[in-house]
Amino acid sequence: MLHPLQYQMIRTELEDIVGAEFILTEGADRIIYGVDYMWIPRMWIDRGLVPPIPDFVVLPGSTEEVSVIVKLANQYRIPVIPWGGGSGSQGGIMPVYGGITLDMKRMNKILEINPDNQTVTSQTGINGYDLERALFKSGYTLAHIPASLHSATLGGYIACRGSGVLSTKYGKIEDIILSCEVVLPNGNIIRTLPVPNHAAGPGILDLFVGAEGSYGIITEATLRIEKVPEERRFRAFLFKDLSKGIEAGKQIMLGRLQPSIIRFYDEKETIKRIKRILGISIEEGSYMVLGFDGKKEIIRIQEELAVEICKKLGAEELSSELGWEWWRKRYRFYFPPDCLDFPWMFGTMDTLSTFDKIENLYFTKKKTLEEKYAKWNLEYIAHLSHWYDWGAMIYDRFIIENPPSDPYEALALHNDIWNTAVRTSIACGGILNEHHGVGLKLARLMKEQYGPAFEVLEGLKKALDPHTILNPGKMGFGPTE
């Protein structure tokens with residue numbers, strides 16, 4: 001807790017760095033920066049309580065200003081928490097020890113679109129939609145189009161190793177980023193090597209992608225971009241069971257047919273959500289949408305081969321218009337009135353595994369959660385939305401329609417569900433998380449995921465950030481020292 005005199009002295013220094021107009025200290029302003037899309041802080045607000053909030057919210061305008069602020073924080077041993085769009089679901093931006101929240105959105109300039117390399121260089125505070133719109137005007141796309149496109153920033157994409165809807169073909173953000181500029185925990189400014197593929201020692205870029213601001217604050221990035229596809233196509237199918245759909249996805253991926261999208265819903269989500277949103281008249285089965293984009297002559301052959309695989313596995317082909325309808329309505333799943341929201345308790349427990357383990361992971365996790373929390377009528381729904389050449393990701397969710405009203409009881413139940421879900425995933429060959437990150441929500445489980453290997457991450461943190469200034473309490477790292 002800062003003494004009022006020290007508080008005023010620090011505020012004076014921050015004003016000297018960025019100007020008084022770019023510092024927020026009113027309670028109503030600061031409380032916004034204590035809440036992201038994680039269920040817990042939102043529940044805290046819903047129950048009339050105040051979540052952890054920062055002492056200062058600072059909006060830097062340059063990498064140099066970020067550097068000076070971080071140096072100041074080191075001098076006073078004050079936490080610094082980077083903030084992008086606040087759309088994360090893991091509590092990654094919650095200032096659990098107070099300190100300075102750095103809202104990066106003033107740093108929103110596209111610095112270069114390079115047609116020779118087919119790359120874009122941008123400050124990381126840029127809104128995802130604004131970046132995509134600017135690229136589209138130049139005939140390009142980042143091909144990273146997450147559900148949070150309209151609210152997330154480029155820095156947020158990189159911080160949690162995010163996936164976009166087209167990741168099955170174009171990769172996650174770590175496959176798209178080539179290099180970045182970073183402010184280290186001591187305030188020094190560095191740039192990673194201009195390309196990610198080299199034999200010049202370990203890849204330093206990889207230290208910062210997915211580190212959620214724990215090893216450094218990414219202020220600029222250069223990324224690969226794609227030409228806007230010549231054509232985009234969609235097909236829709238209904239499978240009799242989950243196993244057949246997973247096998248189809250597996251064969252398509254192992255056949256290297258390069259679909260842009262394979263979105264496959266289990267029967268419960270198909271009947272309860274897809275049927276209603278897309279207006280499909282079905283009572284059983286699992287829905288799949290396949291997407292292909294690129295050169296007409298290439299995707300025509302890829303699509304034909306993928307359709308043949310699905311039909312051989314007994315899939316009923318639906319109208320291609322239902323595939324297009326899914327594409328047009330893909331964001332409706334994440335906004336009212338179709339998204340999961342209060343008064344329900346809910347969470348997305350996405351995990352990832354190889355093809356030989358993914359089906360058992362799904363059924364084991366579903367059975368474990370629904371049986372253990374039968375008292376609360378927990379419902380488990382899932383779809384497989386991001387596919388790799390070796391496995392697939394389960395985007396699974398739990399829903400409790402009538403959770404405890406007492407905030408402390410609700411917190412205990414929420415955390416117990418997550419402990420059970422993640423430990424079941426790990427036991428079945430899955431991982432902690434696929435693309436939403438770790439944040440505060442899963443921090444306590446990082447050591448269980450990594451075992452003795454966590455010493456590597458911890459050693460890097462201690463070497464780079466001995467006072468734990470950057471985003472303390474996240475990723476399994478402790479409080480500011």
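**Glutamine 302 and beyond**

Author: Happy to. Glutamine 302 is buried, with a relative accessible area of 9%; buried here means under 20% relative accessible area, exposed means over 50%, and partly exposed is in between, using a 1.4 Å probe on protein chains only. Keep in mind that this is a predicted model, in which local features need pLDDT of at least 70, side-chain atom pairs count only at pLDDT 80 or more, and totals for chains, interfaces and linings use all residues. Residues are numbered from 1 along each chain as its sequence is written, and side-chain values use heavy atoms, with hydrogens and water left out.

Glutamine 302 sits in helix α12 (residues 296-312). Helices (H or I, at least four residues) and strands (E, at least two) are DSSP runs numbered from the N terminus. Leaving aside residues up to four places away in sequence, glutamine 302 touches Leu257, Gln258 and Phe292, where contact means heavy atoms within 4.5 Å.

Now to helix packing. Two packed helices are described by the angle between their axes and the distance between the axes. Helix α10 (residues 242-254) packs against α14 at an angle of about 155°, with the axes 11 Å apart. The axes are lines fitted to C-alpha atoms, for helices over the stretch in contact, and angles run from 0 to 180 degrees between N-to-C directions. α10 and α14 are therefore roughly antiparallel to each other, since angles over 145 degrees count as roughly antiparallel, under 35 as roughly parallel, 65 to 115 as roughly perpendicular and the rest as oblique. From α10, the contact is made by Leu242, Ser243, Ile246, Lys250, Met253 and Leu254, and from α14 by Phe355, Ile358, Glu359, Tyr362 and Phe363.

The side chains of lysine 365 and aspartate 396 form a salt bridge at 2.8 Å, N to O; the term means a side-chain nitrogen of Lys or Arg within 4 Å of a carboxyl oxygen of Asp or Glu. This pair links distant parts of the chain, with lysine 365 in helix α14 (residues 355-372) and aspartate 396 in strand β19 (residues 391-400), 31 residues apart. Lysine 365 is buried at 1% relative accessible area, and aspartate 396 is buried too, at 0%. Elsewhere, salt bridges that share partners join Glu231, Arg233, Arg235, Glu303, Lys311 and Glu317 into one network.

Another salt bridge joins glutamate 379 and lysine 272 at 3.0 Å, N to O. Glutamate 379 lies in strand β18 (residues 379-387) and lysine 272 in helix α11 (residues 267-278), so the pair ties together parts that are 107 residues apart in sequence. Glutamate 379 is buried at 13%, while lysine 272 is partly exposed at 44% relative accessibility.

Finally, lysine 105 is in the loop between β4 (100-103) and β5 (110-114). The side chain of lysine 105 meets that of aspartate 103 in a salt bridge of 3.1 Å, N to O. Lysine 105 is partly exposed, at 36%, whereas aspartate 103 is buried at 2%. Not counting residues up to four places away in sequence, lysine 105 touches Trp83, Gly84, Gly125 and Thr153. In total, the salt bridges come to 38.
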